[in-house]
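Please read the points below beside the model.

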Amino acid sequence: MIWENIGLAFQSLKSNKMRALLTMLGIIIGIMSIIGIMTIGDALTASVSGSLSSLGTNNITLSVQERGTQSNGFGPPGMGGDRGSSSGKTPESDDLITDQMIADLTETFGGLVTGVSISYSAGSAKAQDGDLYANITISGVNANYGVANNVTQLSGSFIAESDVENKSQSAVVSDKFVKSMFPNNENPIGQTVKVYKTRSIELYTIIGVYQYEQQGFGGSTASEKDMSTTFYIPVTTAKQDLLEKNYNTITVIGSVSSDVDDLTNQLQRHFDRLYANNEDWQVSVSNMSSMLDTVQSTLSTISMAIAFIAGISLLVGGIGVMNIMLVSVTERTKEIGTRKALGAQNFHIQLQFVMEAVMVSAIGGIIGLILGIGVGALVSSILGAPLVISAVTTIGSVLFAMAIGVVFGLYPAKKAAKMDPIDALRYE
Amino acid sequence: MVIELRDIVKKYFIGAPNELTVLKGMTLDIEEGTFVAIVGQSGSGKSTLMNILGALDRPTEGEYHLDGVDVGQLPDSELSRIRNQKIGFVFQTFNLIPRITALSNVELPMFYKGIGKRERKERAKELLALVEMEDRMAHMPNELSGGQKQRVAIARALANDPAIILADEPTGALDTQTGNLVMDIFMRVNRQEKKTVILITHNEVLAQKTDRVVTIQDGMIISDTGMKGVLA
């Protein structure tokens, strides 16, 4: 019965292909947008999660935040010196994390902590040597930074503890930087570069080269050559001409054996005690997994919101289905009369028309699904994110399209079923 | 008797206090296997009578027994079942479903009866052979001539082996020659298949070919030639 009705519905659609296609279009666009957005959202989540977890799951980020503001724990660690907080208020020097606190922390937590990674952003600058130049972002770091952030060392060594102690003028540069500054394949290690800052010119000796990795997703608007890469120097060197000696953000590297979540809680309690008397500021402690959760939930909220808007286009598509079904019922009044004269029960007629609406919606849904995955795949490949297709979304969207067919096909079908056979037969 | 009508009255309420009485107490018996013509001018009540005979409508008053079933005041779903199994309709405008083949059209009443596909197909082919349309069974209605369409429609009317064939001006849309051919098929259905055929027409010449002519006017029977064919 159902199968024969499906056949019947197909025949009916085939006899009016153009109309069927136009009716489907609303559903196609609706499903395509939803699937496209979901696929892009999933790809972004996967990509962000991937790059975040590559930063190290044992890292615990501590940052000074204004009390009362929501801790979102968002943003990769190591972006110290970023004083911006949501209310625009700036913490005083006393509110920040001091070297003493870090020393205490290392002592208190002992074996649980492998080290504390510090980074301090010292602004942008330009390295120049005659016609050769490279844009850089100077970042003052300690030795642990390289461990915490999985910096891939290509040659030489990373900033060492001794460099930090001696406030040496050493620098670790990116392979891109080397390409710009030493186009003739000279060995950069041991070379001295001139760095032009806003107010001064400084000389640094290159002690190491790391592999540049594009952060996150999306291209920079700057051309390959002008792209700024990070120029690591000892944190003490970076800070010597700055008044502020304390830190806004530090990263604690948990030891391999420690439970990261547990350590996070312990650190939070530790700093809550330290900041108990501070009315305006507190230290927010978060680890990668909580950051991952935040990122994922933020992204999924955004995708859901956009998908909801796309859902409205499905609603419009559904109304289109209803509209065309009403036209179809009116057009086929005589057929309905004939069927009733031949003994069709009301439910036969109703089923026939509902099935037709469901077929239009289902076919539209499948086409939309294919196009949506196509759009998702295209955008994912542009973003360089992996393509994730979830079975739930795939099957769900087709079922949802069919449900739209049922909902919007029901009224026209009921109208057809309720027709008086005599009137219907007389209809011209 | 396959059909027994007792004092059938049909009134239409066209807004109180006006009401229009179309059938004014009509009594009519039709014996099984007869070929009856019901003749009348337009407005005589012949369409209303056909609707009641065809279980498309209920009489306001009176009793209607069809093949032993009291059809008088049955609910819609039961009327659908009666139409499906006891009545075969043939319309002036053929009323074939346009998007399906001749064969599928013939299968339709059996589909609504719930008969399986294989059995339906087989029976439909037999019926199309009976009306000499077996070579056209895969054709769509719009590929058939008027006469051919009507032959398919007759095959369809016979599908569930009904008690009566109810034909409403079946030759009205055909030229005389084709009309005669269609009449011949009705004759054959009546003689060979022993079917009761009720022909509703305003064409006196056509009516004369049947066993019995019932003439109605203003909602009443004004003449009835009786069982001419049976008596002869």
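1. Strand S3 (residues 35–39) of chain B is joined to strand S9 (residues 212–217) of chain B by four bridges, and the two run parallel. Helices (H or I, at least four residues) and strands (E, at least two) are DSSP runs, numbered from the N terminus; two strands pair if DSSP finds at least two bridges between them. Within S9(B), Arg212(B) is the bridge partner of Val36(B). S3(B) also has five bridges to strand S8 (residues 196–201) of chain B, again in parallel, and there Val36(B) stands opposite Ile198(B).

2. This is a predicted model, in which local features need pLDDT of at least 70 and side-chain atom pairs count only at pLDDT 80 or more, while totals for chains, interfaces and linings use all residues. Residues are numbered from 1 along each chain as its sequence is written, with chains lettered from A and ligands numbered from 1 in the order in which they are written.

3. Is S3(B) mostly covered or mostly uncovered? Five of its five residues are buried, where buried means 20 or more other C-beta atoms within 10 Å of the residue's own, exposed means 12 or fewer, and partly exposed lies in between, with C-beta atoms placed from the backbone. Phe35(B), Ala37(B) and Val39(B) point one way from the strand, Val36(B) and Ile38(B) the other way, and all are buried.

4. Ile198(B), the residue opposite Val36(B), returns in the largest nonpolar core, which has 115 residues and in which Leu128(B) and Ile198(B) have the most contacts. A nonpolar core is a set of buried Ala, Val, Leu, Ile, Met, Phe, Trp, Tyr and Cys residues joined through C-beta atoms within 7 Å. Helix H2 (residues 17–53) of chain A gives the largest share of this core, 13 residues. Apart from it lies another core, of 49 residues, including Leu96(A), Ile136(A), Phe177(A) and Val283(A).

5. What does Leu128(B) touch, leaving aside its neighbours within four places in sequence? The contacts are Ala102(B), Leu103(B), Val106(B), Met133(B), Glu134(B), Met137(B) and Ala155(B). Two residues are in contact if their C-beta atoms, placed from the backbone, lie within 7 Å.

6. A separate topic is the antiparallel pairing in chain B. Four strands form an open sheet there, in the order S2-S1-S4-S5. Strands S2 (19–30) and S5 (69–70) of chain B stand at the edges with a single partner strand each, so one side of each has no neighbour in the sheet. Nine bridges join S1(B), residues 3–13, to S2(B), and Tyr12(B) stands opposite Leu20(B) in S2(B).

7. Two loop residues of chain B deserve a look at the backbone. Ala55(B), in the loop between helix H1 (46–53) and strand S4 (61–66) of chain B, has a positive phi of about 60° although it is not a glycine. Phe94(B), in the loop between strand S6 (87–90) and helix H3 (102–113) of chain B, has a positive phi near 65° and is likewise not a glycine. Ala55(B) is buried, with 25 other C-beta atoms within 10 Å; Phe94(B) is buried too, with 23.

8. Where the chains meet, 19 residues of chain B are in contact with 16 residues of chain A. On the chain B side, the elements giving two or more residues are helix H2 (76–86) and H3 of chain B, and H2(B) provides the largest share, six residues. That side divides into eight nonpolar, six polar and five charged residues (Ala, Val, Leu, Ile, Met, Phe, Trp, Tyr, Cys and Pro count as nonpolar, Asp, Glu, Lys and Arg as charged, and the others, Gly among them, as polar).

9. Chain A has 13 helices and ten strands, and 40% of its 428 residues are buried. Helix H11 (residues 346–383) of chain A has 38 residues and reaches 54 Å from its first C-alpha to its last, close to the 56 Å expected (1.5 Å times one less than its number of residues). Gly384(A), with a positive phi near 75°, follows H11(A).

10. Chain B has eight helices and ten strands, and 48% of its 232 residues count as buried.

11. On confidence, the model scores ipTM 0.93 and pTM 0.69. Chain B averages a pLDDT (the predictor's confidence in each residue, from 0 to 100) of 89, with 97% of the residues scoring at least 70. Over residues 228–232 of chain B, pLDDT stays under 50. Where pLDDT is low, the predicted coordinates should not be read in detail.
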